[in-house]
Amino acid sequence: MTDASAAGTRRPAAGSGVDRSVLAVWVASRVGVGVASAAAIWMVIGDRAGNLPSWVASWDRWDVGLFVKVAKFGYLGRPEHYSDRGIVAFFPGEPLLLRAVHAVIGDWIVAGLLISAVAGAVACVALARLGDLEWDASTGSRAALYLVLSPFAVFLAAGYSEALFLALALPAWLAARRGRWWWAGGLTALAGTVRITAVFLAVALVVQWLVDPLGARPDGSSAAARRRPVHVLALLSAFAGTAAYFGYLRAITGDWLAWAHAQRAVWDRSLTAPWTALHATWSGATDPTQGAAYAWSFRAEIVAIAVGVLLCLVLLALRRWAEVVYVGGQVVALGTSSYFLSVARASLLWWPLWLLLARAGVRHRWVHLTYVAVAPALMAVGVVTFVSGHWVG
């Protein structure tokens with residue numbers, strides 16, 4: 001894919017210099033998110049200066065409370081803890097880590113914010129290294145920048161699971177690109193305790209192992225020489241996290257598909273034709289009686305599906321088969337739900353999007369200028385909307 005790999009050699013990675021640069025971008029972006037959320041408390045949420053909610057409390061919105069619920073009471077809490085019976089739809093990785101961090105921090109919301117802050121930093125470094133491996137350090141750094149400025153980057157700051165998933169999935173993919181299949185499988189297994197998305201990643205690892213395009217490795221060995229039967233065990237281990245959770249749900253509910261059934265029963269998400277899902281989402285987006293924030297979000301979901309389809313077509317044209325499987329699997333699953341929900345948020349997990357967009361930004365200045373003119377403004381709006389308690393996605 002790269003000139004260096006085509007020549008059978010690999011240049012050295014940019015190393016700690018790129019890591020420091022990316023971490024500086026991450027810290028700066030967190031400062032920006034903090035400022036935007038603090039301003040929202042004063043200008044949007046609060047009605048009197050002496051009666052303002054705390055900054056931490058403003059981040060206790062939507063799914064944050066559900067993750068905390070699982071962390072506090074598990075999946076078998078007393079009935080008064082679980083008026084929402086769809087709690088099994090939330091994978092245990094984030095709540096388990098939340099419980100551990102809370103034991104030290106003592107505040108559930110702060111613990112979630114801290115997890116996302118650290119995980120986001122890890123994800124950005126891994127994304128930058130992946131971009132450097134594929135192309136160059138500039139592409140890697142810019143991909144991380146574009147990720148943290150995404151219109152839906154608020155979910156990398158809040159106590160949601162996106163940042164934690166990326167902190168596991170991106171290093172897993174980086175390990176796979178370097179031929180380190182046991183690391184790839186193990187990290188993907190951990191990611192499988194965080195989000196169902198890990199299933200698509202695990203399948204993509206298998207495809208990557210079969211069609212590995214890198215050819216020569218830094219140590220001079222070929223891809224064929226490193227593709228050994230024992231790696232099949234590593235690839236199978238990638239499914240272990242998700243399988244373990246489904247097995248646990250079978251043990252406590254008697255239902256192997258409790259996760260899917262919760263999605264259908266509580267959020268009305270079940271398999272349907274893509275045109276039916278599009279019609280339902282479009283109806284919500286154009287209904288004049290619909291809440292403005294929800295109408296905006298439904299429109300964003302439609303745009304996100306379109307971006308996902310376009311991304312898959314580009315990846316197909318580039319013959320990046322494994323990444324087609326990873327992104328395409330998500331697009332198909334989200335696009336054939338009863339209606340489009342959280343697709344825009346899921347785009348944070350599509351790292352080929354950030355890498356290809358970054359590559360275009362490096363090559364074409366207008367792409368970069370357009371993105372930094374539009375994305376940060378939308379990201380700030382997303383932060384203000386979220387901490388104000390309105391629906392974002």
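Two residues are said to be in contact when heavy atoms of theirs lie within 4.5 Å. The model discussed here is predicted.

Q: Which residues is Ala111 in contact with, leaving aside its neighbours within four places in sequence?
A: By the cut-off of 4.5 Å between heavy atoms, the partners of Ala111 are Leu98, Val101, His102 and Ile105. Ala111 itself belongs to helix H5, which spans residues 108-134.

Q: Why is Ala111 called buried?
A: The term buried requires a relative accessible area under 20%. Ala111 has a relative accessibility of 0%, and therefore it counts as buried.

Q: What makes up the contact between helices H4 and H5?
A: Helix H4 covers residues 93-105, and it packs against H5 at an angle of about 115°, the axes being 8 Å apart. H4 contributes Glu94, Leu97, Leu98, Arg99, Val101, His102 and Ile105, while H5 contributes Trp108, Val110, Ala111, Gly112, Leu114 and Ile115. Sorted by class, this contact holds 9 nonpolar, 2 polar and 2 charged residues. The crossing of the two helices is right-handed.

Q: Why is His364 called partly exposed?
A: Buried means under 20% and exposed means over 50%, with partly exposed in between. The relative accessible area of His364 is 39%, so His364 is partly exposed. His364 is located in the loop between helix H19 (351-363) and helix H20 (365-387).

Q: Why are Cys124 and Cys312 called buried?
A: The limit for this term is 20% relative accessible area. Cys124 has 1% and is therefore buried; Cys312 has 11% and is therefore buried as well.

Q: How many disulfides are counted in the model?
A: A disulfide requires a pair of cysteine sulfur atoms within 2.5 Å. By this rule the count is 0.

Q: What is the average pLDDT of the chain, and where does pLDDT stay under 50?
A: The chain averages a pLDDT of 89, and 90% of the residues score at least 70. Over residues 1-14, however, pLDDT stays under 50, and the model has 23 contacts beyond four places in sequence for them. Residues 214-222 also have a pLDDT below 50, with 17 contacts beyond near neighbours in sequence. Where pLDDT is low, the predicted coordinates should not be read in detail.

Technical notes: Residues are numbered from 1 along each chain as its sequence is written. This is a predicted model: local features need pLDDT of at least 70, side-chain atom pairs count only at pLDDT 80 or more; totals for chains, interfaces and linings use all residues. Side-chain values use heavy atoms; hydrogens and water are left out. Helices (H or I, at least four residues) and strands (E, at least two) are DSSP runs, numbered from the N terminus. Buried means under 20% relative accessible area, exposed over 50%, partly exposed in between (1.4 Å probe, protein chains only). Axes are lines fitted to C-alpha atoms, for helices over the stretch in contact, and angles run from 0 to 180 degrees between N-to-C directions. A crossing is left-handed if the near helix is turned anticlockwise from the far one by less than a right angle, and right-handed if clockwise. Ala, Val, Leu, Ile, Met, Phe, Trp, Tyr, Cys and Pro count as nonpolar, Asp, Glu, Lys and Arg as charged, and the others, Gly among them, as polar. pLDDT is the predictor's confidence in each residue, from 0 to 100.
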